[in-house]
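Hello,

Here is the structure you asked to look at. My notes follow below it.

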Amino acid sequence: MKALRMLFSKPPPAKTPPFNPIFIDEHQFISLIHSSKSINHLHQIHAQIILHHQFSNSRIVTQLISSFSFKNNFINHALSIFRHFNNPNLYIFNSLIRALADNSYYMTSISYFVLMLRSNIRPANLTFPFVLKSTAALQEGWLGMEIHTQILKLGLLCDRLVLLHLVDMYAKVGLLECACQLFDESSQWGDDAKSTLLWNVLINGYCKVGKWGKAVELFELMPEKYGSTWSTLINGLMKAGEINRAMELWHSVEDRDVVSWTTMINGFSLNGQHEQALSMFFEMLEEGVKPNDQTIVCALLACAKAGALETGTRIHDYISSNGFALKKGITAALVDMYAKCGSLENASRVFDMAVEKDLRTWSVMIWGCAINGYLDKALDCFNKMKSTGIKPDGVVFLAIITACLHAGNVDHGLHFFDKMKHDYSIEPTMKHYAVIVDLYGRAGRLNQALRFIKNMPIDPDFVIWGALFSACRAHKNIQMAEHASEKLLELEPKHPGGYVFLSNVYAGAGKWQDVERVRTKMKNKGVAKDPGWSYIEIHGQVTSFVAGDHFHDRSDEIHLKLDEITKNARDFGYTPETEWVLHNIEEEEKEESLGSHSEKLALAFALISGDDLKVIRIVKNLKICGDCHSLMKHASKMTKRDIVVRDIKRFHHFKNGSCSCQDYW
């Protein structure tokens with residue numbers, strides 16, 4: 001701190017003496033770099049390094065590059081430092097290669113490794129882990145083999161760290177035979193070479209490609225099984241969707257530590273079993289195991305996906321009362337949870353309390369504003385983020401354009417799309433193109449949407465044509481819908497979406513023979529429509545419903561309540577919108593079919609569960625249909641309760657007979 005005060009103390013304003021630097025040695029500068037708390041602090045230290053003629057010191061510059069790389073969106077500054085350093089040595093190259101790999105600039109990381117070789121600088125054991133990490137991320141197996149050759153030439157294969165990352169790379173690019181051969185050959189360097197991590201890497205690799213039988217076989221061969229290996233296999237099985245096998249293994253674990261509990265919580269959430277994930281979290285607390293930051297983030301993620309606001313609030317209370325620091329990961333998870341549960345006020349409160357906000361934290365907050373339909377708040381957040389010196393990335397621009405989409409502001413959305421490309425040199429991804437197609441389509445500008453698709457520099461995917469198709473259905477353009485449908489079925493013949501989309505359009509136009517033709521084709525090809533489901537949280541308990549659900553213990557009460565709501569809504573002017581039913585059946589049967597939608601069942605369940613629910617929150621996996629949307633508006637007026645529905649696209653906040661989307665979705 002004394003050195004820090006000496007460096008940054010301001011000279012007296014009256015008279016500025018000539019610069020006479022106080023001697024600061026190498027260790028003091030490195031200590032200052034390590035203790036820096038902000039990007040501005042690092043900039044000041046960088047300036048002082050230059051003033052003290054220490055920029056030629058490779059040890060200091062290595063630490064400076066590393067520190068800048070840990071700050072989001074400042075990798076370009078680290079690159080600039082490298083380029084201004086004369087004759088970079090091994091340590092300078094290593095720090096930059098690591099910085100680029102850690103910040104997901106994988107191709108650039110590899111290019112600097114190549115530059116290192118061309119500069120006749122011999123790589124060391126600490127160079128290869130990050131080069132191999134980049135290779136694995138790029139999924140370039142041939143490149144991995146070339147690097148393997150370099151490692152052999154340098155005699156570094158017996159280094160445990162290099163061997164571990166080499167096996168990991170082969171496993172991640174799907175070359176498991178190479179990974180297994182290296183694993184087997186490692187025995188020649190002694191039993192010690194086959195560390196637990198090496199076993200874990202190979203087991204995880206087999207799980208990743210679905211060969212969990214081989215993974216279990218390897219697990220059984222392990223001479224000694226540690227907690228991390230149990231967790232690795234459980235995690236692999238969960239990722240492969242083998243939930244029952246993972247549970248069997250879980251029950252065999254004798255010493256369940258926080259890592260194994262976290263693996264189970266994350267695994268259930270990954271497989272869409274959010275109720276089970278949250279149940280596992282609270283069971284862990286009852287067992288007396290204290291969660292770590294990652295456990296908390298996984299539990300909050302499950303709350304966000306299930307729309308479980310009450311449970312998320314309980315976890316927030318637990319965080320506050322058990323001394324958890326609001327680090328960036330937990331802060332972002334809390335903001336995300338509150339925003340995805342429809343409580344933007346609480347999301348904003350947590351966000352404002354955050355001491356340090358990184359790009360992800362800002363991104364989550366902007367997304368929260370976008371999906372809840374608050375364009376002005378999203379724009380305000382975007383501008384505040386830029387004012388802090390953080391540059392927006394492609395994810396942030398996607399959030400802003402999505403906010404414009406939900407507000408129906410086409411010109412604003414197009415402005416940000418162009419700004420992203422030209423002002424920030426960010427190449428649009430398929431998601432950016434899809435949201436622009438959606439933007440044009442929802443506004444009824446179908447010809448412009450189609451022209452935009454034809455002019456795309458990349459081939460449009462299923463989501464792009466799906467966005468156009470949805471717009472064609474909404475605006476009843478059957479000819480363009482048929483064209484979009486053909487493209488959908490070309491891309492993914494077995495995906496139910498293309499068939500369902502086309503059935504919807506024909507049904508809306510009353511072309512029942514065409515509907516049956518599409519339905520028959522679906523049946524012949526073995527294509528099944530994804531079922532609709534909804535989550536609702538009542539008194540901290542998450543319950544799920546599927547369309548036509550009769551399995552709930554209170555099913556009879558639920559259906560009676562739904563009949564009552566529908567009957568009363570008719571008195572307020574509600575008329576079932578039977579065009580949302582896909583079959584050529586009588587009107588009465590159509591109304592009955594509409595009554596089985598999962599979000600209506602969730603609503604009825606909430607209404608029979610007590611009068612203390614002032615806000616009813618429902619999460620649905622599909623886009624809410626027009627009939628359910630209409631009934632929700634009437635129900636909010638009749639019951640004098642706010643109803644919040646989060647569908648696959650956005651939030652709908654129903655209050656006193658109106659919806660926040662203003663019927664634009």
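K633 counts as buried, because its relative accessibility is 18% and the cut-off for buried is under 20%. Please keep in mind that this is a predicted model. The lysine is part of helix α35, which covers residues 626-639. Its side chain makes a polar contact of 3.1 Å with the side chain of D663. D663 is also among the residues that K633 touches beyond its neighbours within four places in sequence; the others are F654, G657, S658 and C659.

Next, the cysteines. How many disulfides does a search of the whole structure find? The count is zero. A disulfide is a covalent bond between the sulfur atoms of two cysteines. For C625, the closest cysteine sulfur is that of C628, at 3.6 Å, which is too far for a bond, because the two sulfur atoms would have to lie within 2.5 Å. C625 is buried, with a relative accessible area of 8%. C472 counts as buried too, at 0% relative accessibility.

As for the protein as a whole, it has 665 residues, and 50% of them are buried. There are 35 helices and six strands. The accessible surface is about 32,400 Å², and carbon and sulfur atoms account for 50% of that area. Of the contacts between residues at least 6 apart in sequence, 63% join residues at least 24 apart.

Regards

Definitions and conventions:
Residues are numbered from 1 along each chain as its sequence is written. This is a predicted model: local features need pLDDT of at least 70, side-chain atom pairs count only at pLDDT 80 or more; totals for chains, interfaces and linings use all residues. Side-chain values use heavy atoms; hydrogens and water are left out. Helices (H or I, at least four residues) and strands (E, at least two) are DSSP runs, numbered from the N terminus. Buried means under 20% relative accessible area, exposed over 50%, partly exposed in between (1.4 Å probe, protein chains only). Contact means heavy atoms within 4.5 Å. Accessible areas come from the Shrake-Rupley method with a 1.4 Å probe; for residues, only the protein chains shown count as cover. A polar contact is a pair of N or O atoms within 3.5 Å; within protein, one must be able to donate a hydrogen and the other to accept it, and residues adjacent in sequence count only if both atoms are side-chain atoms.
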